[in-house]
Amino acid sequence: MDKRKIALCSDHAGYEKKEMIKGYLEANGIEFEDFGTHSTESCDYPDYAHPAALAVESGECGRGIALCGSGNGIAMTLNKHQGIRAALCWLPELASLARRHNDANVLVLPARFIEPEVALEIVNTYLNTEFEGGRHQRRIDKIPVR
C-alpha cells in the first residue's frame with residue numbers, strides 16, 4: 001500500500017460517506033487530507049476536486065478518494081487533470097481492476113447509489129490493490145494528451 005496520505009474530497013451529496021471513510025482511514029492509521037466539502041450544504045464539486053487532484057498530481061498525496069451523488073461529475077472534473085486517472089467504482093471488483101489494470105490514482109464513489117458497507121469494502125480494495133504493470137503500463141502511458 002502507498003504510505004503517502006490520501007486526498008479526500010466530496011460535494012454535499014458525498015459528505016456523509018466521506019466522513020465515514022475518514023473514520024475508516026483514522027482507524028487504520030492512514031493519513032489523509034480533507035479538501036472538503038465540510039457540510040451537507042449545497043456546493044459545487046469542482047471547488048473540491050481540483051485542489052485534491054493537484055495534491056495527487058504533485059505527489060503531496062499518493063492517491064485520492066472522491067465522492068459525489070452519482071460519481072460522474074466529480075470523476076469528469078478530476079480526469080481533466082493530465083496526471084489523474086480517476087475511476088468510478090460501485091463494486092469492489094471494479095476498484096480492484098481499476099488499480100491492477102489502470103493504476104487508478106483516484107477512487108470515485110457514487111455516494112447516492114452504494115450502501116455504507118459496500119463503500120468501505122470498495123475503499124479497502126482500492127487501498128490494498130497494487131498496479132500490475134507489464135502490458136498495462138504501455139496503455140497507461142498513452143492516456144495523457146500530449
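**Why these labels? Questions about a predicted model**

Reader: Why does Glu-130 count as partly exposed?
Author: Glu-130 has a relative accessibility of 42%. Buried means under 20% relative accessible area, exposed means over 50%, and partly exposed is what lies in between (1.4 Å probe, protein chains only). The value for Glu-130 falls in between, so this residue counts as partly exposed.

Reader: What should I know about the model itself?
Author: This is a predicted model, in which local features need pLDDT of at least 70 and side-chain atom pairs count only at pLDDT 80 or more, while totals for chains, interfaces and linings use all residues. Residues are numbered from 1 along each chain as its sequence is written, and side-chain values use heavy atoms, with hydrogens and water left out.

Reader: What makes the pair Arg-63 and Glu-130 a salt bridge?
Author: A salt bridge needs a side-chain nitrogen of Lys or Arg within 4 Å of a carboxyl oxygen of Asp or Glu. For Arg-63 and Glu-130 the N to O distance is 3.9 Å, so the pair qualifies. Arg-63 lies in strand β3 (residues 63-68) and Glu-130 in the loop between α5 and α6 (135-141), so parts 67 residues apart in sequence are tied together. Helices (H or I, at least four residues) and strands (E, at least two) are DSSP runs, numbered from the N terminus.

Reader: And why does Arg-63 count as buried?
Author: Arg-63 has a relative accessibility of 5%, which is under the 20% limit, so the label is buried.

Reader: How many salt bridges does the structure hold?
Author: There are 10 salt bridges. One of them joins Lys-22 and Asp-34, at 2.9 Å from N to O. Lys-22 sits in helix α1 (residues 15-27) and Asp-34 in strand β2, so the pair ties together parts 12 residues apart in sequence. Both Lys-22 and Asp-34 are buried. They also belong to a network of salt bridges that links Lys-18, Glu-19, Lys-22 and Asp-34.

Reader: Which residue forms a salt bridge with Glu-33?
Author: That partner is Lys-5, with the closest N and O atoms 3.2 Å apart. Glu-33 is in strand β2 and Lys-5 in the segment before β1 (6-10), 28 residues apart. At 24% relative accessibility, Glu-33 is partly exposed.

Reader: Why are α4 and α5 called roughly parallel?
Author: Helix α4 and helix α5 (residues 116-127) pack at an angle of about 20°, with their axes 8 Å apart. Axes are lines fitted to C-alpha atoms, for helices over the stretch in contact, and angles run from 0 to 180 degrees between N-to-C directions. Angles under 35 degrees count as roughly parallel, over 145 as roughly antiparallel, 65 to 115 as roughly perpendicular and the rest as oblique. The angle of these two helices is under 35 degrees, so they are roughly parallel.

Reader: Which residues make the contact of α4 and α5?
Author: From α4 come Pro-92, Ala-95, Ser-96 and Arg-99, and from α5 come Glu-121, Ile-122, Thr-125 and Tyr-126; contact means heavy atoms within 4.5 Å.

Reader: What is worth a look in the backbone?
Author: Most residues other than glycine have a negative phi, and most peptide bonds are trans. Asp-103, which is not a glycine, has a positive phi of about 50°, and is found in the loop between α4 (92-102) and β5 (106-110). Its relative accessible area is 18%, so Asp-103 is buried. A cis peptide bond, with omega about 5°, joins Gly-36 and Thr-37.
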